[in-house]
Amino acid sequence: SEPPRPSASFVVVGGGIAGVTCAEQLAITFPSEDILLITASPVIKAVTNFKQVSKVLEEFDVEEQPSSMLENRLPNIRVIESGVKQLKSEEHCIFTEDGRQHAYKKLCLCAGAKPKLISEGNPYVLGIRDTDSAQEFQKRLTKAKRIMIIGNGGIALELVYEIEGCEVIWAIKDKAIGNTFFDAGAAEFLTSKLISKKSEARIAQKRTRYTVGGSKKEARTKAESESVGSALGPDWHEGLALKGAEEFSHSIHIETACEVKKLYLQEEFKKTEKQSVAFPKAHHGKSVTTDEETWPVYVELTSGKIYGCDFLVSATGVTPNVEPFLQGNNFDLGEDGGLRVDDQMRTSLPDVYAAGDICTACWEPSPVWQQMRLWTQARQMGWYAAKCMAAATLGESIDMDFSFELFAHVTKFFNYKVVLLGKYNAQGLGANHELMLRCTRGQEYVKAIMQNGRMMGAVLIGETDLEETFENLILNQMDLSPYGKDLLDPNIDIEDYFD
Ligand SMILES: Cc1cc2nc3c(=O)[nH]c(=O)nc-3n(C[C@H](O)[C@H](O)[C@H](O)COP(=O)(O)OP(=O)(O)OC[C@H]3O[C@@H](n4cnc5c(N)ncnc54)[C@H](O)[C@@H]3O)c2cc1C
Ligand SMILES: NC(=O)C1=CN([C@@H]2O[C@H](COP(=O)(O)OP(=O)(O)OC[C@H]3O[C@@H](n4cnc5c(N)ncnc54)[C@H](O)[C@@H]3O)[C@@H](O)[C@H]2O)C=CC1
């Protein structure tokens, strides 16, 4: 006989920012309904101190909390700590690893993504996603003299700046650093900072807290060792001492325009009789290793060079966590492997919604918005998915949320504030665009992307104070050609023009 099926009208899968925000919003909208949050990790991520900085720019802290805190805050949320192993969408039912099944009327899948590694299953290749993988990395780093970082996105940018006491070889496919966020100009602005980095005084600004009293430890002991945690986020490396085995601050060598061709373990490498190269004795940074050193792993790059190192970090992007939900369900998937969602956050299957890193936005986007797998978008999508689920339940219709009008991201790289707006890298604009630039070395870098006199995007590095004005200019698509170069003239207060 079938076990009883405790059911809830709304079931949300995933205790990351998308899932928690979605569950919270549903709980507030339907105070008399039970909302079930099913998550594989023993802690959940909560958004705190949310601040709408301007129309679309937002800032918030993220706290890892035991799920009981969420249940106490919103008593109609019930959290089940167990991974989902199967979805039977026709029966409106999901099955968890603890052997239970849960019926739903509407379901939102927010299971996030996982690192896409260059070499799966190789013990010398680490990915960084959650608290556990970050701690494993930190532990390995304390014994390391040299590591290699592969990839040129957010994680790599943060790591190369933070790591001390260990030689770092940063191998990137591109000619310039930070290709997911910057063009060559901005990259050069930042590279000089990387090279000149000494033990400078950091701006003490902490946005993420990973411990809440003693509660986190308690929650962790219950963790199943193989469970997937939720993704780290802003300032994840704060409070993690990223220090290698040696006593020096910063030593980095960048290998551009190359990829990993082959990895060899030590014994394997000896047999090849190939030669590895020493850490370049560059004008910047210090070399502590000798040419004779033997290494646990050797990396052959497509440039022909071979470097030995203690281990590699593969910071090469993410793949949406869709597998547990695919068997027996005919989901439409995006090119990046995510669950395709429409402008109501609906997947291709009835009553199944998705939000955050797991989904691929497939609506016709605003000309100045694009999906990126980011913290802020996970929150916005989770919130909006709950609104859509509520509207569908009540037979109402709902307009796309304003946050999807304009892409906006605030972060920090190399200790600079970085604001990205709209088509900040002229994504999809073709040749028909112009760039306006203002740069003060070591201080600020301002780039506006213009098309037919309209501002389509911007990169603001440093304390430029321009984000609100630029946000408005991109949103209102005003013809700016009459202002010409004045737009970026530091002696002209452009805000006065447009107020
Ligand atoms: C190192 C690092 C630094 C980052 N820094 C930034 C940053 O500075 N700014 C920024 O905007 N973004 C940053 N990001 C990206 C950001 O963290 C993610 O985009 C965001 O957290 C995604 O949220 P999510 O809720 O969709 O997924 P996740 O946070 O990955 O949460 C997924 C949840 O689903 C659960 N789950 C998975 N599988 C199952 C299953 N089968 N059954 C049940 N539950 C399951 C997991 O346990 C987890 O709770 C960073 C990411 C990393 C890895
Ligand atoms: N401050 C921020 O905003 C941060 C955001 N994040 C987010 O976290 C997620 C994970 O970060 P990342 O792994 O850095 O992903 P990413 O998508 O930002 O960057 C991946 C990088 O790897 C490169 N790459 C892909 N395959 C490769 C291969 N086979 N060989 C060499 N290079 C390859 C890409 O060109 C790209 O530079 C992303 O969604 C990212 O946006 C992460 C850290 C900081």
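1. In this note, Ala, Val, Leu, Ile, Met, Phe, Trp, Tyr, Cys and Pro count as nonpolar, Asp, Glu, Lys and Arg as charged, and the others, Gly among them, as polar. On that basis the shell around ligand 2 divides into eight nonpolar, ten polar and three charged residues. The shell around ligand 1 holds 20 nonpolar, 15 polar and three charged residues.

2. The model is predicted: local features need pLDDT of at least 70, side-chain atom pairs count only at pLDDT 80 or more, and totals for chains, interfaces and linings use all residues. Residues are numbered from 1 along each chain as its sequence is written, chains are lettered from A and ligands numbered from 1 in the order in which they are written, and side-chain values use heavy atoms, with hydrogens and water left out.

3. Ligand 1 is surrounded by 38 residues, of which Val-84, Arg-129, Val-228, Ala-231 and Leu-232 are the closest; a residue is near a molecule or strand if one of its heavy atoms lies within 4 Å of it. Domain 1 (8-114 + 318-400) and domain 2 (125-314) each supply at least three residues to this shell, the bounds coming from an automatic or database domain assignment.

4. Which atoms does ligand 1 meet at Ala-40, at Val-84 and at Arg-129? A polar backbone atom of Ala-40 is 3.1 Å from a nitrogen atom of ligand 1, and a polar backbone atom of Val-84 is 2.7 Å from a nitrogen atom of the ligand. At Arg-129, an N or O atom in the side chain is 2.8 Å from an oxygen atom of ligand 1. On its own, ligand 1 has 1000 Å² of accessible area, and the protein covers 94% of it (Shrake-Rupley method with a 1.4 Å probe; for residues, only the protein chains shown count as cover). Helix H1 (17-29), strand S2 (35-39) and helix H9 (375-394) are the elements that give two or more residues to the shell. H9 provides the largest share, three residues. Helices (H or I, at least four residues) and strands (E, at least two) are DSSP runs, numbered from the N terminus.

5. Around ligand 2 there are 21 residues, with Asn-179, Gly-317, Arg-373, His-409 and Thr-411 coming nearest. Oxygen atoms of ligand 2 lie 2.9 Å from a backbone N or O atom of Gly-317 and 2.8 Å from a backbone N or O atom of Arg-373. The side chain of Thr-411 places an N or O atom 2.7 Å from a nitrogen atom of ligand 2. Of the 840 Å² that ligand 2 exposes when taken alone, the protein buries 80%. Helix H4 (154-162) and strand S23 (408-413) are the elements giving two or more residues to this shell.

6. Seven of the nine residues of H4 are buried, so H4 is largely enclosed by the rest of the structure. Buried means under 20% relative accessible area, exposed over 50%, partly exposed in between (1.4 Å probe, protein chains only). The buried residues of H4 include Ala-156, Leu-159 and Glu-162.

7. The structure holds zero disulfides, a disulfide being a pair of cysteine sulfur atoms within 2.5 Å. The sulfur of Cys-110 is 3.6 Å from the closest cysteine sulfur, in Cys-108, too far for a bond. Cys-108 is buried at a relative accessible area of 0%, and Cys-110 is buried at 6%.

8. Ser-9 belongs to strand S1 (residues 7-13) and is buried, with a relative accessible area of 10%. Its side chain makes a polar contact of 2.8 Å with that of Glu-33. A polar contact is a pair of N or O atoms within 3.5 Å; within protein, one must be able to donate a hydrogen and the other to accept it, and residues adjacent in sequence count only if both atoms are side-chain atoms.
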